[in-house]
Amino acid sequence: MHFDSLSAREWKDPRTTRPHVLPIYATTSFDFDDIEHSMRVFGNQEAAHTYSRYGNPSVDATAAKIAAMETFDSDIEAMAIMTNSGMAAIDLLIGGLLKSGDKLLTQHTLYGGTTELLTKIVTRNGIQIVMADLSETSVIDDHLQNDPSIRLVYFETPANPTLSCIDISAVTEIVQKHNRWTAIDNTFATPFLQQPFKHGVDFIIHSTTKYLNGHGTGMAGVVLGKDIQLMKDQVWPHMKLTGCNCSPFEAWLVYQGLKTLPLRMHKHCTNALFLAYKLSEHPKISYVNYPGLETHANYAIARKQMSAFGGMMSFELKGDITDAISAMNKFKLCSLAPTLGDVDT
């Protein structure tokens with residue numbers, strides 16, 4: 001062998017024992033044993049990793065762990081597909097399920113980026129967005145009864161940034177009656193506090209960039225579905241062909257964050273509840289949006305479907321925009337950063 005060839009050649013993996021921590025499989029592709037092996041794999045006769053856009057051990061292990069968390073202590077099975085951001089996860093689910101002429105029913109109080117995605121991008125594909133008050137099941141029922149083009153009902157609970165909560169079981173009961181799909185963004189709650197599959201939801205989305213990673217070190221997202229065949233037949237091909245897959249490194253960062261999720265969420269919740277009470281007593285604050293306060297409009301709903309009330313809140317100051325800016329600039333512990341879910345505030 002020429003020295004140049006030796007230098008370039010991939011060397012034999014010397015591993016003899018199993019690694020204690022999941023490795024980062026920083027490889028774009030995977031070698032076959034022989035050409036017949038590749039023919040069996042690409043002929044769907046044998047499962048194997050082939051190309052990291054299709055699947056990667058670091059990504060797949062992380063996705064499987066998130067699926068186990070969302071179905072914990074139940075007989076529900078789910079498949080998870082990781083993406084390169086939470087926004088990509090939303091786009092992947094909609095693109096995998098809906099086609100031109102279909103409609104999506106959602107709420108008014110959504111994360112602003114989601115609203116922009118729906119109204120500025122998704123509508124270009126001929127999918128119409130219908131917004132309504134999803135806290136009223138009669139409203140949902142009327143929409144589904146009168147419009148068979150609505151195929152998917154998408155919602156957040158708690159919602160960003162009002163922390164309004166929707167009764168998940170009540171929504172899914174209505175939607176299932178009409179044989180449509182439901183999808184929920186569970187980013188704020190995480191599977192530690194809320195497991196929507198147990199309340200009848202069909203699909204769950206997370207921006208894993210937030211609480212699941214927990215340290216602000218990487219962007220990723222995930223789509224989970226109970227209909228595993230549908231996930232394989234429609235959602236996974238959409239991910240594979242659009243290239244919105246998660247990178248092995250970003251998935252590995254989420255994987256590490258998952259280990260401390262219960263500890264972090266418990267502290268997030270206790271801190272938020274304490275702060276919510278303190279803020280609600282402050283003379284310069286008119287209202288605190290936190291579902292753990294009995295004064296919150298959806299306190300009873302949150303208590304029914306969440307094990308605790310989460311680490312997110314918002315509040316309204318007495319005064320005008322100048323007072324708000326002044327208050328923000330006086331914060332000492334809060335970082336002025338456009339994200340959430342890190343260990344700092």
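Two strands count as paired here if DSSP finds at least two bridges between them. Keep that in mind for what follows. The model is predicted.

Start with strands β2 and β4. Strand β2 covers residues 103–106 and strand β4 covers residues 150–156. They pair in the parallel sense, over four bridges. Within this pairing, L105 stands opposite V153 in β4.

Now widen the view to the sheet. It is open and has seven strands. Their order is β1-β7-β6-β5-β4-β2-β3, and the pairing is mixed. The edge strands are β1 (79–83) and β3 (128–131), each of which pairs on one side only. On average, neighbouring strands are turned by 20° against each other, direction ignored.

Helices pack on this sheet. Helix α4 (residues 86–97) touches β1, β2, β4, β5 (181–185), β6 (203–207) and β7 (221–225). Its direction makes about 155° with that of β6. Helix α6 (residues 137–146) also packs on the sheet. Helix α6 touches β2, β3 and β4, and its direction makes about 160° with that of β4.

Next, the charged side chains. A search of the whole structure finds six salt bridges. Three of them are followed below.

The side chains of D147 and K103 meet in a salt bridge, with 2.7 Å from N to O. D147 lies in the loop between α6 and β4, while K103 is in strand β2, so the pair ties together parts that are 44 residues apart in sequence. Both D147 and K103 are buried.

Another bridge spans a longer stretch of chain. K304 forms a salt bridge with D167, and their closest N and O atoms are 2.5 Å apart. K304 sits in helix α12 (residues 299–305), and D167 in the loop between β4 and α7 (168–177). The pair thus links distant parts of the chain, 137 residues apart. D167 is buried because its relative accessible area is 18%, and buried means under 20%.

E46 has a relative accessible area of 31%, so it is partly exposed. R40 also counts as partly exposed, at 32% relative accessibility.

Terms used:
Residues numbered from 1 in each chain as written. Predicted model: local features only at pLDDT ≥ 70, side-chain atom pairs only at ≥ 80, totals over all residues. Heavy atoms only, no water. Helix = DSSP H or I, 4+ residues; strand = E, 2+ residues; numbered from the N terminus. Axes fitted to C-alpha atoms, helices over the stretch in contact; angles between N-to-C directions. Contact = heavy atoms within 4.5 Å. Salt bridge = Lys/Arg side-chain N within 4 Å of Asp/Glu carboxyl O. Buried < 20%, exposed > 50% of the residue type's maximum accessible area, 1.4 Å probe, protein only.
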